[in-house]
Amino acid sequence: MDSDAGGVLSTILVNVDARFRPIVEIGIIAILAVAALATALNPIIDFLHRLWSFLRWFMRSMRRLWRRLFGAPPPPPPPPNPEGRTIPDERTIWELRAPSQPAFPNTNGIPIITIANMKGGVGKTTIAANLAAYFRDRSQKPVLLIDFDYQGSLSQTIRREAGYTDPDLTADILISPQSPLIDPPLYAREMRRELENISIYPTNYPFATIENNLMADWMHAGNGDLMYRLCNLLRQPVYQEKYGAILIDCPPRLTTGSINGLCASTHLLVPTTLDDMSAQAAEYFLAQVERMSQSVFPRLKVIGIVPSIVYQGGDKLIGEKRTRDRLISYGKLVWKREDFVLVAGSIPRTADISNYAGNGVAYVRKAGAKQIFERLGREVEQRL
């Protein structure tokens, strides 16, 4: 290696003019010296860097330890409600602007069930899609689905099962001002294949903007029938005579579509997963419903809470059993009902159901899933 390097240097020097050869030799020697020095100093520089890093860490640790042992105690947390601050009125805009004469669903009409909760991911869409197939088979009449969640999960689930892929939006017709050019019943999309005799008013993301614009117009006008447009439609014989049941899927917010669904419905079903956060959301939502029922939808009946996506019925996990018992106690204390939680209708966490979530309807695909939703359907029917 050294002889090769020497041969290269000799070749370079031979080709250099004799006048500049001493300068080139000095340059080469300087470069080699710097390289050798850097190689020799590299372990020392690395050691010094590690030492400096350790000293910085040590000093930070000592400062934290000193503050913990001898420093002043941390300031107390601020009071939950500082003086001068008032908690905003809990009443919603729908309560504040509720008309003196609300519209009601037909007294002896078909069941119109809203499936809602103030928390997402609790199985609302899955339950709506599969119960639609159950009620169709049970009543031997067509069933209507209404998707008021702008994400369109129910629309996607139903349409994919029926073999339709293009997104669609007609749910806005149900809450928009009546037009002589539009006949709302014609915009219910009829499904096919295993979902024959199930129709849906689908939705898509633009629905959120439509809802907001309708609310803004309603607030600006100061009155109007915005909250009861769906109710007035579903009271008509064209819906009452054609369908055996109507199911409405709502987002986890009191949107324009949600309030129309609640006002038009005869019953409310509240799914929840069995964890403390979801249980709190269900209880809070039901407290809102109870308060709003006094002025906004006084004839709405609450079917109860259905545990959803539970592990083997909620009997295996201590946390799920504790939450289920909490909800049962809540139903007895607040709603004065022993059957407020549909324990026998719980939706377990199974592959048969989860594999089709968002992509199809497990009820028409898997016998095990069909049995699960038949149990839930029977529990719901007992409370109608």
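User: In the protein, how far apart do the centres of the positive and negative side chains lie?

Analyst: This is a predicted model. The protein carries 44 positive side chains and 38 negative ones. The centres of these two sets are separated by 5 Å.

User: Is the protein a compact globule or more spread out than one?

Analyst: The secondary structure consists of 13 helices and eight strands. For 384 residues the globule rule gives 21 Å, and the radius of gyration is 35 Å, well over that figure. The protein is therefore more spread out than a compact globule.

User: What box do the C-alpha atoms of the protein fill along the principal axes?

Analyst: The box is taken along the principal axes and holds the C-alpha atoms of the protein. Its dimensions are roughly 115 × 60 × 50 Å.

User: What percentage of the residues in the protein is buried?

Analyst: A residue counts as buried when its relative accessible area is under 20%. Of the 384 residues in the protein, the buried ones make up 42%.

User: Is Asp-352 buried, partly exposed or exposed?

Analyst: Asp-352 sits in helix α12, which covers residues 351-354. Buried requires under 20% relative accessible area and exposed requires over 50%. Because its relative accessibility is 30%, Asp-352 is partly exposed.

User: Which residues does Asp-352 contact, leaving aside its neighbours within four places in sequence?

Analyst: One of these residues is Ala-362, 10 residues away in sequence. The C-alpha atoms of Asp-352 and Ala-362 are 6.6 Å apart. With neighbours within four places set aside, the contacts of Asp-352 are Ala-362, Lys-366, Gly-368 and Ala-369.

Key
Residues are numbered from 1 along each chain as its sequence is written. This is a predicted model: local features need pLDDT of at least 70, side-chain atom pairs count only at pLDDT 80 or more; totals for chains, interfaces and linings use all residues. Side-chain values use heavy atoms; hydrogens and water are left out. Helices (H or I, at least four residues) and strands (E, at least two) are DSSP runs, numbered from the N terminus. The radius of gyration is taken over C-alpha atoms; the globule rule is 2.2 Å times the number of residues to the power 0.38. Buried means under 20% relative accessible area, exposed over 50%, partly exposed in between (1.4 Å probe, protein chains only). Lys and Arg count as positive and Asp and Glu as negative; His and the chain ends are not counted. The place of a charge is taken as NZ of Lys, CZ of Arg, CG of Asp or CD of Glu. Contact means heavy atoms within 4.5 Å.
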